[in-house]
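Hello,

Here is the structure for you to look through. My notes follow below it.

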Amino acid sequence: FTDPYVTNYWPNCTEACVNAEVGARFNTGMEVSSLQAAGAIALYSCTNELCTGLQIVSGAKATCTYDAGQDCTGFQFTNLSLTPLTYYRVIVDGAITSVSGVPLTRLNYADDYSWTFRVREDASLCAVDRISLSPSEVIVDQVGAQQTFTGEAFGEADSCSVSGQRLSGFSYAWGWVDPIADDDIDDDPLTRVAEWQNGLVDTN
């Protein structure tokens, strides 16, 4: 019965890319139906810098992101089209619960959790500088075994993040190529290592 709370969120700056990923991470697994319920997590555009006037961003939908254990430990918005020179506010309903049924804690916006960010003036998409793949390596020992991988795109280091802004994965085409045996690892044809190569996630 761990008290759930937000451990990290992004963007957290005033120079976010128009294709920035908007999301957050929790310290424990969250109840999927609670997190993805209508209105549980919402994105608003602001009418002023203080974000006192809010307008819901139509079509923005928060979906779960999962850890290696297949727990919903975060969220990100899909179908986003961020507008340059615009402030935004994310509001997470304090009533969402963990898998243990405990409501969100460490609230900072009345009975909710919230943060704001601004999109930069430049309307061009930020380019992908690197890809983070999690888990980075998996060995399976059964025919037909499956493993879920999560790939995240990051831009170059900038004023928003020294490690690069998280970029929306929905802005790019992702795909797996047919796996082949990796002779550099061992002679077992069932061994596969996932890596990012030539703009595609390959298993080789």
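Which residues does D71 touch, not counting residues up to four places away in sequence? D71 touches G29, T65 and Y66, where contact means heavy atoms within 4.5 Å.

Two remarks on the source. This is a predicted model, in which local features need pLDDT of at least 70 and side-chain atom pairs count only at pLDDT 80 or more, while totals for chains, interfaces and linings use all residues. Residues are numbered from 1 along each chain as its sequence is written, and side-chain values use heavy atoms, with hydrogens and water left out.

D71 lies in the loop between strand 5 (61-66) and strand 6 (72-78). Strands here are DSSP runs of E with at least two residues, numbered from the N terminus. D71 counts as partly exposed because its relative accessibility is 38%; partly exposed means between buried, under 20%, and exposed, over 50%, with a 1.4 Å probe and protein chains only. In sequence, D71 and G29 are 42 residues apart, but their C-alpha atoms are 5.2 Å apart in space.

Among the residues concerned, T63 has Q76 in strand 6 as its bridge partner. Both strands belong to an open sheet of four strands, with the order 1-2-6-5 and antiparallel pairing; two strands pair if DSSP finds at least two bridges between them. The edge strands are strand 1 (6-10) and strand 5, each of which pairs on one side only.

Regards
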